[in-house]
Amino acid sequence: MDCFCSVLRLTERLIASDYFSVLISEPMQKEKEKAMVNEMVAKLTSVCWDKCVTSTPGSKFSSSESSCLSNCAQRYLDMSLIIMKRFQSMNSMH
């Protein structure tokens, strides 16, 4: 029983340690970032598709659709970056 208690105490100390927190939080942060990127791509696709593709798509986009999609995606990414930087600056102030 003493061996089990020692292992239990060691495990509790490990979980409470900053090292363990870093080991756990780093992969979780990467998964959150992947989810955010996937969400951004889905939103970008939806918004730009609805705005730029006005007729039934064929095998290729028209030049105006292609230009619109490219510009829409660039504006969306630019605005996302601006918003992200703004939130980061607000967080650093607190």
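User: Let's start with charged side chains. Which residue forms a salt bridge with Lys34?

Analyst: The idea is to look for a side-chain nitrogen of Lys or Arg within 4 Å of a carboxyl oxygen of Asp or Glu. Here, Lys34 pairs with Glu31, and their closest N and O atoms are 3.4 Å apart. Keep in mind that this is a predicted model, so distances like this one are computed from predicted positions.

User: How many salt bridges does the structure hold, and where do these two residues sit?

Analyst: There is one salt bridge in the structure. Both partners belong to helix H2, three residues apart, so about one helical turn separates Lys34 and Glu31. Glu31 is partly exposed, with a relative accessible area of 48%.

User: How confident is the prediction, and where is confidence lowest and highest?

Analyst: Check the pLDDT, which is the predictor's confidence in each residue, from 0 to 100. Across the protein chain the average is 79, and 73% of the residues score at least 70. Helix H1 (residues 2-16) has the lowest confidence, with a mean of 59, while H3 has the highest, at 88.

User: Let's look at H3 then. How many residues does it have, and how far does it reach?

Analyst: A handy check is to compare a helix's end-to-end reach with the span expected at 1.5 Å a residue. Helix H3 runs over residues 63-93, which is 31 residues, and goes 45 Å from its first C-alpha to its last, close to the expected 45 Å.

User: Which residues in H3 are buried?

Analyst: Buried means under 20% relative accessible area. In H3, that label goes to Glu65, Leu69, Cys72, Ala73 and Ser80. For the whole protein chain, 10% of the 94 residues count as buried.

User: What about aromatic rings? How many aromatic pairs are there?

Analyst: With rings, you check how far apart the centres are and how the planes are angled. The structure holds one aromatic pair. Trp49 and Phe61 have ring centres 5.9 Å apart and planes at 70°, so the pair is edge-to-face; the cut-off for that label is over 60 degrees.

User: Which parts of the chain does that pair tie together?

Analyst: Trp49 is in helix H2 (residues 18-52) and Phe61 is in the loop between H2 and H3, so the pair ties together parts 12 residues apart in sequence. Trp49 is partly exposed, at 36% relative accessible area, and Phe61 is partly exposed too, at 41%.

User: How far apart in space are Val47 and Cys72?

Analyst: For this kind of question, compare separation along the chain with separation in space. Val47 and Cys72 are 25 residues apart in sequence and 8.4 Å apart from C-alpha to C-alpha. Val47 belongs to helix H2 and is partly exposed, at 34%, whereas Cys72 is one of the buried residues in H3.

Asp50 sits in helix H2 and counts as exposed, at 60% relative accessibility, while Leu69 is buried.

User: Where does Ser55 lie, and how far is its C-alpha from that of Glu65?

Analyst: Ser55 is in the loop between H2 and H3, and is partly exposed at 45%. The C-alpha atoms of Ser55 and Glu65 are separated by 9.7 Å, with the two residues 10 apart along the chain.

Conventions: Residues are numbered from 1 along each chain as its sequence is written. This is a predicted model: local features need pLDDT of at least 70, side-chain atom pairs count only at pLDDT 80 or more; totals for chains, interfaces and linings use all residues. Side-chain values use heavy atoms; hydrogens and water are left out. Helices (H or I, at least four residues) and strands (E, at least two) are DSSP runs, numbered from the N terminus. The expected span of a helix is 1.5 Å times one less than its number of residues. Buried means under 20% relative accessible area, exposed over 50%, partly exposed in between (1.4 Å probe, protein chains only). Rings of Phe, Tyr and Trp (its six-membered ring) pair if their centres lie within 6.5 Å; planes under 30 degrees apart count as stacked, over 60 as edge-to-face and the rest as tilted.
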